[in-house]
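Hi,

Here's the structure I promised to pass on. Have a look at it first, and then read on for what turned up when I went through the contacts.

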Amino acid sequence: MSMTRAELQDAATKAFDGDLTPDAAHSWNLITDMGWLMMAVPEDQGGLGLGREAVGVIHQALGRTLVAGPAIAQMLVIDALSAAGGQDELLGRAMAGEIMSASLAEGLRAVPDADRASHVLRVEAGRISLLPVEGLALTARATWDKTRRLFDVDAGDAVGVVLAQGDAATALADRLSALRSVALAGDCLGGADAALAMTTDYLETRRQFDRPLALFQALKHRVADMKAALAAAQALFWARTEDSAADAVTMGAMKAHAASIYRLIAEEAIQLHGGIGLTMEHPCHLFLKRATLNAALGGDGDQWEEAAGRRALNA
Amino acid sequence: MSMTRAELQDAATKAFDGDLTPDAAHSWNLITDMGWLMMAVPEDQGGLGLGREAVGVIHQALGRTLVAGPAIAQMLVIDALSAAGGQDELLGRAMAGEIMSASLAEGLRAVPDADRASHVLRVEAGRISLLPVEGLALTARATWDKTRRLFDVDAGDAVGVVLAQGDAATALADRLSALRSVALAGDCLGGADAALAMTTDYLETRRQFDRPLALFQALKHRVADMKAALAAAQALFWARTEDSAADAVTMGAMKAHAASIYRLIAEEAIQLHGGIGLTMEHPCHLFLKRATLNAALGGDGDQWEEAAGRRALNA
Amino acid sequence: MSDALDSLRQEVRDWLAVHAPKDWRARSTSEAAFLELQRSWFTTLVKGGYAVPHWPENWPGGGRSLAEQKVIYEELARADTPRLLLSFMSTYHAASTLFEWGSEEQQQRYIPRILEGEIWCQGFSEPGAGSDLAALRTRAERRPSFSGGGDVYVVNGQKLWSTMGQFADQCLLLVRTSSEGVKQAGLTYLLLDLKSPGVTARPIHQIHGDEEFAEIFLDNVEIPVANRLGEEGQGWAVAQSTLSSERGLTLLELSARMRGALWRIGDLIRANGRSEDAGVLRDFGRLASKVDATCAVADQFLANRIAGEERVGDASIVKLAYSRTLREFTSLGLRISGLDAQYHAPITFGGGMETGNWMADFMNSYAWTIAGGSDEVQRNIIAERLLGMPREPKNWVVKEGAA
Amino acid sequence: MSDALDSLRQEVRDWLAVHAPKDWRARSTSEAAFLELQRSWFTTLVKGGYAVPHWPENWPGGGRSLAEQKVIYEELARADTPRLLLSFMSTYHAASTLFEWGSEEQQQRYIPRILEGEIWCQGFSEPGAGSDLAALRTRAERRPSFSGGGDVYVVNGQKLWSTMGQFADQCLLLVRTSSEGVKQAGLTYLLLDLKSPGVTARPIHQIHGDEEFAEIFLDNVEIPVANRLGEEGQGWAVAQSTLSSERGLTLLELSARMRGALWRIGDLIRANGRSEDAGVLRDFGRLASKVDATCAVADQFLANRIAGEERVGDASIVKLAYSRTLREFTSLGLRISGLDAQYHAPITFGGGMETGNWMADFMNSYAWTIAGGSDEVQRNIIAERLLGMPREPKNWVVKEGAA
C-alpha cells in the first residue's frame with residue numbers, strides 16, 4: 001500500500017502538526033473524526049481494511065507530537081471485536097470513539113484511561129472477554145510520563161462478553177500482542193524522529209565558543225549515528241507491518257528494537273541539549289519519559305530479545 | 001610498595017623499551033637476568049618477596065612490547081612450587097630460568113612453549129602436580145597471535161611430583177587462578193597503553209583534509225574515552241594487586257575488565273589508523289590479536305562476569 | 001596507613017556513632033525537611049569539628065591534611081550520612097576563593113558567617129554561556145552610589161544553574177565590565193548579597209522533580225565596589241580559583257557511595273526473580289567492576305594530588321569515569337525494575353544519586369554527565385590537556401571569498 | 001510483485017539449480033582455486049546472461065531494470081553462489097565510467113573484453129590520500145612519446161588499496177597533472193594497461209591472511225593520451241562516476257547473505273552448550289533484529305532508488321548500518337566460540353564475510369568499517385549532506401598572531 005501509506009502519512013502528519021502534547025480531548029475527537037479507529041478493520045465490518053501498516057502510520061503520527069489518550073488500547077479492543085466477529089454493535093460503538101480500553105502490559109495492569117472507558121478487554125489464558133467497566137475497581141497509577149494515564153483494574157471474576165475461548169483465544173492473544181507491538185513501535189519511531197529533528201535544530205541554532213554547536217564534529221557524528229539507527233529501525237518497522245506472517249515474537253522483537261532506538265535518541269537529545277534538556281521547561285524530557293515507558297509496556301527488551309534469540313536458535 | 005613499584009616500573013620499562021615483539025630467546029634471558037622470575041617468591045625461599053604487585057609491573061612491561069615466551073606460565077609454576085614448600089631444588093631451577101610451563105586455560109590445554117619446557121604443571125580437582133615433559137604427547141596449536149606458542153598436552157595418567165592434594169590443592173588452584181588473572185590483566189594493560197600511545201602519535205602525524213587527524217574532534221573524543229577507560233582499569237588493577245584478600249573471582253573479574261579495555265583500545269587503534277591498520281605491515285594487528293587471545297585465556301569475560309555478578313548478589 | 005590516620009578514623013567513627021542522623025532518608029520527603037536536615041547536620045558537624053577540615057588551620061575546624069580529609073569523607077560515606085549539599089558551595093567554593101583573593105576585611109566579614117550557616121551560591125553560567133563561560137553577558141557598570149557611600153556596580157542580566165540558589169544568602173557573581181579586547185579580560189568578580197533590591201531567584205524544575213538549581217535575575221542590582229574580589233577585569237582568574245576549589249574528595253565520596261549502593265541492584269535482581277539469569281548476573285558483575293574501577297581511579301587521583309603529582313586533565317578522567325558509571329548503574333536498575341520504575345514515586349530530597357527510585361535516579365544521573373563540565377568538555381580536556389592533542393584554534397576563520 | 005518479476009525469479013532459480021557451483025567453499029582453500037572458481041563462474045554467468053544485468057541494453061546481458069537486478073541478486077544470494085569479487089570492478093566501476101565518459105572507440109575497445117574476462121582495478125587511494133582523495137600526489141606529465149605515436153603521460157607515484165590489483169589487467173587511474181588552483185582541478189583520469197613497463201603490483205598482506213588488495217608502484221610509466229577519460233583536469237568529475245557506479249545492490253546482497261548466515265551463530269550456541277543462557281539468547285535475538293533492520297534499510301534504499309527518490313547520504317546510512325552490524329555479528333561469534341576462535345585456521349578465499357572462521361571473520365569485518373569510505377566519512381556525509389548540518393570549512397585558517 002505504498003501509495004496509500006504516503007497519503008495516509010501526509011494526512012496524519014497534517015492532523016497533528018502543531019505543538020507537542022496537544023489537548024487530549026481535542027486529539028481524541030480528531031482521531032475519531034479522521035476515521036483512524038476503523039482504519040485496520042475489514043471493509044465488510046464497516047472499516048477501511050488498511051491493516052497493520054495503517055496502524056503503524058497512525059501511531060507514528062501520535063508518537064511524533066506525544067499525543068495523550070487511549071488510542072493503542074482502543075485499537076486492541078477494536079481488533080479483538082473485529083477478529084471475534086458477531087459483535088457489530090460493540091464494534092461500531094468502539095470505532096465511533098466510545099472509549100474501550102485494554103491492558104498495555106499483563107493481566108489488567110496498565111490500562112489507559114480506564115476511568116473514561118465503558119469497557120475493558122480481559123485477556124486470560126484460554127479466554128478473551130470484554131467487561132463493562134461499571135462496578136470494577138480502578139486504581140490510578142501515575143507514571144513519570146504524564147502523557148499517559150494508566151490504571152490497574154481489579155475485575156474479580158467478572159466475565160462480560162466472551163470474544164474467544166480455547167485455541168481461538170490463544171491465537172487472538174498472539175494477534176493482539178503483535179498489534180500492540182506495532183502500535184508501541186510506531187509511537188517510538190514517531191517520537192524518535194521528532195526528538196532527532198528537535199536536536200539537529202537546536203545544534204544549528206545554539207552557539208558555543210563562537211560557532212554553532214552543529215559545527216562540532218564529535219556532536220555531528222553522534223547525530224549521524226542516531227539518524228542511521230533510526231533509518232534502519234524505520235525500515236524494519238515498515239517491512240514488518242507489511243509482513244502478514246509476522247507474529248507476536250517477531251513484532252515484539254521489532255518493538256524492542258524500536259524502543260531501544262527511541263531511548264538512545266531521547267537520551268542523546270538530552271545530553272546534546274545540555275542543561276536546558278534537564279529542565280521541565282524544555283520538551284526533551286517528555287520524549288525520554290515516553291521512550292522508557294514504551295520500552296516497559298507490552299513486554300520489555302529482555303523478554304522479547306530472549307524470545308527472538310530462542311526462535312533464531314531453532315530456525 | 002609504591003616507591004618500589006615506581007622503581008621496578010622504571011627498570012622494567014627500560015629493559016623492554018625497544019621495538020615491538022623482541023626476540024624471544026633474548027627476552028627470556030633478560031627476564032631471568034633481571035630476576036623477574038623470583039620477584040614474587042618469599043625471601044626465605046630465595047626470592048625477592050615483592051608479591052603480586054611486582055607480578056603486575058612485570059607483565060605490564062612484557063605486554064607493552066608484546067614480548068613472546070612462557071613468562072606467565074613459568075610464574076604459575078614458580079608460585080605453585082613456592083606455595084607448596086619443600087621443593088627448593090625445583091623452585092631454584094625454575095627461578096633460574098629452566099622453563100616449566102602450565103596451562104593458561106583448563107586442564108592441559110594452551111600450555112605455552114611446552115616443547116621447550118622440562119616440566120608442566122597439572123591442575124586437577126583435588127590434586128596439583130608437576131610432570132616432567134619427557135614422554136608426554138604435545139600438540140602444537142598455532143594461534144592468530146603469533147607472539148604466543150601454545151600446546152595441548154596429553155599427559156595420560158602421569159603423576160610426577162605432587163605439590164598439593166585435597167583442600168590444599170583447591171586453595172592453591174584458586175591462588176594460581178588469581179595470579180594468572182593478574183599476569184594476563186597486566187599484559188592487557190601494558191598492551192593497551194602502548195596501543196593508545198601509538199594511536200595518538202599516528203593521529204598527530206597523519207594529515208587529511210589539510211590538517212592533522214588529531215584536530216578532528218570526533219576522533220579526539222574517542223581517544224579521550226579510550227584514555228579514561230584505561231586509566232580506570234589501571235587504577236583497579238593496582239588496587240587489586242595490593243589487596244591480599246582478592247581471590248580468583250575478584251581477580252578474574254578484574255582481568256575480564258582489563259581484557260575488555262585492551263580489546264576496545266586495540267579495535268579503536270585499528271579503526272583510527274584506517275587502512276594501514278588492516279595490514280600486516282603495521283603493528284596494530286599484533287595488539288588486537290594478543291588482546292583477543294588474552295580475553296579468551298584464563299577464563300573469558302562471560303565466565304568471570306557471571307561469577308562476579310553472583311558474588312555481588314550474595315554480598 | 002599511619003597510626004595517626006588510623007586513630008583519626010576511629011575518632012570520627014566513634015563520633016559518628018553518636019551524632020550521625022538516623023533514618024534521614026525516610027524523613028527527607030519534602031523540601032522543608034531536607035533543608036532542616038541539611039542545616040542541623042551542618043551545625044552538628046561544625047560543633048564536632050568535621051565540617052571544614054580543608055580550611056587553613058587558622059580557622060576553626062581547619063588545618064587537616066588531604067589524607068586526613070579523605071579519612072573523614074570515607075567515614076561520612078560509610079555511615080551513610082546526608083551529603084552536605086546546601087553548605088557545599090559555601091565551605092568549598094566561596095571559602096577557597098575568599099582565602100585566595102579576599103582582603104583581610106572581606107575574609108573576616110564572610111568566613112565566620114559560613115560556619116554560622118550562611119549559604120553561598122555561584123552565579124557563573126548564563127542562558128547563552130554554558131560550557132563557554134567567557135561568553136557571558138551579564139553587564140556591570142560602575143557609577144557613584146545614589147544612596148551615598150563609595151561607587152557601586154549596577155548589574156543587569158540572568159544567571160542559570162545556580163546550585164541551591166533559591167536558598168542562598170550570598171552569591172559568587174561573575175560579570176562583564178568591558179567588551180574590549182579578549183573576552184576573558186572583560187570579566188569582574190563580585191560578591192552579591194541576594195537580599196539586595198532587584199534580585200529574583202527562581203528554582204529550576206528538573207525533569208525528575210527536584211529543584212536543586214535556580215536561575216537568578218538581576219535587574220539594576222547595586223553591588224558596592226568593596227564587594228569585588230580581585231581587580232576589575234581580573235574576574236576570569238578569580239573564577240579559576242572557584243572552579244578548582246574542590247577537586248577529588250567529592251568524587252571519591254560519591255564513588256564510595258555508589259559502591260555502597262550496589263546492594264540495591266542485588267535486591268532488585270532477587271525481587272524480580274532474575275537471580276539465575278546469566279545475562280543479568282553478567283551485567284551486574286560487569287557493573288560492579290566498573291564501580292570498583294571508578295572508586296580506584298578516584299582514590300588514585302587523590303593519592304596523586306597528595307603526592308603533588310596531579311596532572312591537568314586527571315580530574316576530568318575521574319569525572320568522566322564517575323558520570324558514565326553512574327549512568328550504567330541507574331540504567332541497569334531501570335531495566336531490571338521494568339514497569340515498576342515507570343510509576344511515579346516521590347523523590348527523596350538530597351537523597352543522593354542512588355535512592356532506588358530508579359527512573360528518578362536515572363534522570364538525575366544526567367546531572368553528572370552535563371553539569372559541572374559536560375562529558376564532552378571533559379573529553380576535550382583529556383584529549384588536549386592530558387594527551388597533548390592539538391586544540392582547535394578558537395579563532396579559526398573562513399578565508400575571504402572561499403567556499 | 002509483478003508477474004514479470006515473479007517469472008524472472010523462477011527463471012533464474014531454475015537456471016541456478018543447474019549451473020550454480022556446488023561445494024565451492026570447501027574447494028576455495030587456496031588463492032589459485034579461488035581465482036579459477038571466480039573465472040569459471042563469471043564465464044558461466046556471462047553465458048547465462050546474468051553477469052551484467054545493470055549494463056545498458058545495447059550490450060549483451062544488459063538492459064535489466066533495477067527491480068529485475070534485485071531479483072537476480074536475491075536469487076544469487078539465496079543459492080549461496082560465490083560473490084563475483086574478481087570481476088566486480090570491471091563490470092561495475094570500469095564499465096559505468098566508460099559508458100559515461102568513454103568515447104565510442106574506447107567503449108568498443110574495452111567493454112567487450114570485460115565480458116571475456118579482462119580484469120580491472122582502481123588506482124585512486126594513495127599512502128597520503130585515503131579518505132582525502134583530492135590530496136593525491138601521483139604525478140603525470142605530458143610529453144611526446146619517444147617510441148613514436150601521439151603524446152603520452154609519464155606517471156610516477158604509488159597507489160594503495162587497489163582491490164584485486166595483483167590479478168588485474170587494466171587500472172582506472174587518477175593522477176595529478178597540475179598543482180595550480182584548487183586541488184580537485186588538477187586531477188586527470190587515465191586508463192592504464194598494467195602490463196606497461198614500470199608498473200609493479202604487490203599484494204597487501206591483510207591481518208586475517210587474505211590478500212584482497214594490492215599496492216601499485218608506477219615508475220616512469222607511459223600512458224598514451226588516447227587512454228584518457230574526459231579532458232585533462234576533469235579527473236575529479238570522472239572519478240565521481242566511478243565512485244557512484246555501484247550503489248545499493250551490493251549491500252542488499254551482503255545483508256541478505258548475513259541474514260542467511262545467522263545459523264552459524266545458532267550452531268555455535270548449541271555446540272558450546274549455551275542454548276539456555278538467557279544473556280546469550282538475548283544477544284543473539286538483538287543481533288537478529290539488527291540484521292533484519294539492515295536488510296530492510298538496504299531494501300528500502302533500493303526501492304527509493306528505483307522510485308527516483310534517493311537522497312544524498314542515504315547510501316551512507318546503508319553502509320554504516322551494514323558495517324556496524326557485521327562487526328556485531330562477527331563479535332558475537334568470536335565471543336561465543338571462545339578459545340577455539342583463537343586457534344589459527346586457514347581462511348576460505350573469497351568466502352564472504354561470514355565463514356565461521358570467527359577470528360578471521362571478525363578481523364575481516366574491519367574492511368567494511370574502513371574501506372570504501374570509513375564509518376567516520378559516512379558519518380560526516382550523513383550529518384552534512386542528509387541532515388544539512390554545516391560543514392567545517394576546509395580552509396579555516398588560524399588568524400595571524402593569535403593563540
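A quick definition before we start: a salt bridge here is a side-chain nitrogen of Lys or Arg within 4 Å of a carboxyl oxygen of Asp or Glu. Also, please keep in mind that this is a predicted model.

With that definition in hand, take Arg175(A) and Asp79(A): their closest N and O atoms are 2.7 Å apart, so the pair counts as a salt bridge. The rule finds 4 salt bridges across the interface of domain 1 and domain 2 of chain A. Those two domains come from the domain assignment, which gives 5-169 for domain 1 of chain A and 174-314 for domain 2 of chain A. Their C-alpha centres lie 23 Å apart.

How much do the two domains of chain A bury between them? It's about 2900 Å², with 63% of that on carbon and sulfur atoms. In terms of residues, 36 from domain 1 of chain A are in contact with 33 from domain 2 of chain A. There are also 12 residue pairs in polar contact between these domains, counting pairs with both residues at pLDDT 80 or more. On the domain 1 side, the elements giving two or more residues are helices H1 (2-15), H3 (51-64) and H4 (71-84), plus strand S3 (119-124), of chain A. H3(A) has the largest share, with 10 residues. By class, that side has 20 nonpolar, 9 polar and 7 charged residues.

One thing from the records: an unreviewed UniProt entry annotates residues 6-85 of chain A as "domain: Acyl-CoA dehydrogenase/oxidase N-terminal". That span is 60% helix and 0% strand, and its end C-alpha atoms lie 30 Å apart.

Now for a contact between chains. Chain B puts 38 residues in contact with 46 residues of chain D, and the area buried between chain B and chain D is about 3400 Å², of which carbon and sulfur atoms give 54%. Trp144(B), Gln271(B) and Leu278(B) supply 25% of the area that chain B buries against chain D, more than any other three residues.

The rule finds 5 salt bridges across the interface of chain B and chain D. One of the salt bridges in the model joins Asp302(B) to Arg335(D), with the closest N and O atoms 3.0 Å apart. Among the elements of chain B that each supply at least two residues to the side touching chain D are helices H7 (217-241) and H8 (248-273). H9(B) gives the largest share of that side, 6 residues. Sorted by class, the side of chain B that touches chain D has 14 nonpolar, 9 polar and 15 charged residues.

Cheers

How values were computed. Residues are numbered from 1 along each chain as its sequence is written. Chains are lettered from A and ligands numbered from 1 in the order in which they are written. This is a predicted model: local features need pLDDT of at least 70, side-chain atom pairs count only at pLDDT 80 or more; totals for chains, interfaces and linings use all residues. Side-chain values use heavy atoms; hydrogens and water are left out. Domain bounds come from an automatic or database domain assignment. Contact means heavy atoms within 4.5 Å. Buried area is the accessible area (1.4 Å probe) that two parts lose on being put together, summed over both. A polar contact is a pair of N or O atoms within 3.5 Å; within protein, one must be able to donate a hydrogen and the other to accept it, and residues adjacent in sequence count only if both atoms are side-chain atoms. Helices (H or I, at least four residues) and strands (E, at least two) are DSSP runs, numbered from the N terminus. Ala, Val, Leu, Ile, Met, Phe, Trp, Tyr, Cys and Pro count as nonpolar, Asp, Glu, Lys and Arg as charged, and the others, Gly among them, as polar. UniProt positions are given in the numbering used here, feature names are shortened, and annotations may be inferred rather than shown by experiment.
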